[in-house]
Amino acid sequence: MATGRTHRPATRSRGIPEATVARLPLYLRALTALSERSVPTVSSEELAAAAGVNSAKLRKDFSYLGSYGTRGVGYDVEYLVYQISRELGLTQDWPVVIVGIGNLGAALANYGGFASRGFRVAALIDADPAMAGRPVAGIPVQHADELEKIIRDNGVSIGVISTPAGAAQQVCDRLVAAGVTSILNFAPTVLSVPDGVDVRKVDLSIELQILAFHEQRKAGEEAVADRALPPAAAVRDESTDRGPDGDVPAVMPA
């Protein structure tokens, strides 16, 4: 099985746009669910709905993969799973190190989806000497002093940082110096990296703040809508203005 150090994904060299690359995991997740249900084919509309995109965008994304589907039949689910997995580099083994084994790091270590998606947690690393040797998700935690050796021995090119913000940049610098070229950052800080190193940032607090913004806006829109409604007493009851036959009388009684 090849390691992440010796094989790189082919997406950039083939000119697939970054926006399309970002959507490929969404398609793969939806397709995997279909595959698990033994669904043989899927239409672009059905797959787009499952992935949360529009069908025109999906068809354009798949055109970069050279996959156009069959009119009246749709896309072959298993073949698309293979195609997208290959483009994302998931048909090979990617050893990953997680640095910072606090609550979040331990939760990541226990995540069962890594292995099924082409990733292997090669090592768990923490700066706390008391953590050294302690098993987390069946993997003994190793001290941060061993970081460079661990990366070299395991051919690691992907690192996950789940340390406190103050330690993240130093950890990032050490990972890069040791040969890591892709970093997933959970620390609440912006990392500075040289050209050729990719960083993906995951900040749960920012996502929650964005949701809070939308909730506040929705509450404001509801308040405006409530103010725009006429008071109940001002709504005219037309039934009181009608004559005995249901018509509005020409002359109102004095």
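Modeller: Happy to. Let's start with helix H1, which gives the most to the lining of the largest pocket, with 11 residues. Keep in mind that this is a predicted model. The largest pocket itself has a volume of about 1800 Å³, and 42 residues line it. If you want to find its centre on your screen, look for Pro 25, Leu 88, Leu 90, Phe 119 and Arg 200, the lining residues that lie nearest to that point. As for which elements take part, H1 (18-36) is one of those that give two or more residues to this lining, along with helices H4 (77-87) and H6 (113-116) and strands S3 (94-99), S7 (158-161), S8 (182-185) and S9 (198-201). By residue type, the lining of the largest pocket splits into 23 nonpolar, 11 charged and eight polar residues.

Now for the second largest pocket, with a volume of about 200 Å³. It is lined by 15 residues, and the ones closest to its centre are Val 99, Ala 127, Thr 163, Ala 167 and Val 171. Here helix H8 gives the most, with four residues. Both H8 (165-178) and strand S4 (119-126) supply at least two residues of this lining. Sorted by type, the lining of the second largest pocket has eight nonpolar residues, five polar and two charged.

Asp 61 counts as buried because its relative accessibility is 1%, and the cut-off for buried is under 20%. What does it touch? Leaving aside residues up to four places away in sequence, Asp 61 touches Thr 20, Arg 23 and Tyr 27. With Thr 20 there is also a polar contact, side chain to side chain, at 2.8 Å.

To put all that in its setting, step back to the whole chain. It has nine helices and nine strands, and 35% of its 254 residues are buried. If you take the contacts between residues at least 6 apart in sequence, 58% of them join residues at least 24 apart.

Technical notes
Residues numbered from 1 in each chain as written. Predicted model: local features only at pLDDT ≥ 70, side-chain atom pairs only at ≥ 80, totals over all residues. Heavy atoms only, no water. Buried < 20%, exposed > 50% of the residue type's maximum accessible area, 1.4 Å probe, protein only. Polar contact = N/O pair within 3.5 Å; in protein donor to acceptor, adjacent residues only side chain to side chain. Contact = heavy atoms within 4.5 Å. 1 Å grid on protein atoms, 1.4 Å probe; cavity = no way out; pocket = protein on both sides within 12 Å on 5 of 7 lines; lining within 4 Å. Points joined across faces, edges and corners; volume = space filled by probe spheres on them. Nonpolar A, V, L, I, M, F, W, Y, C, P; charged D, E, K, R; others polar.
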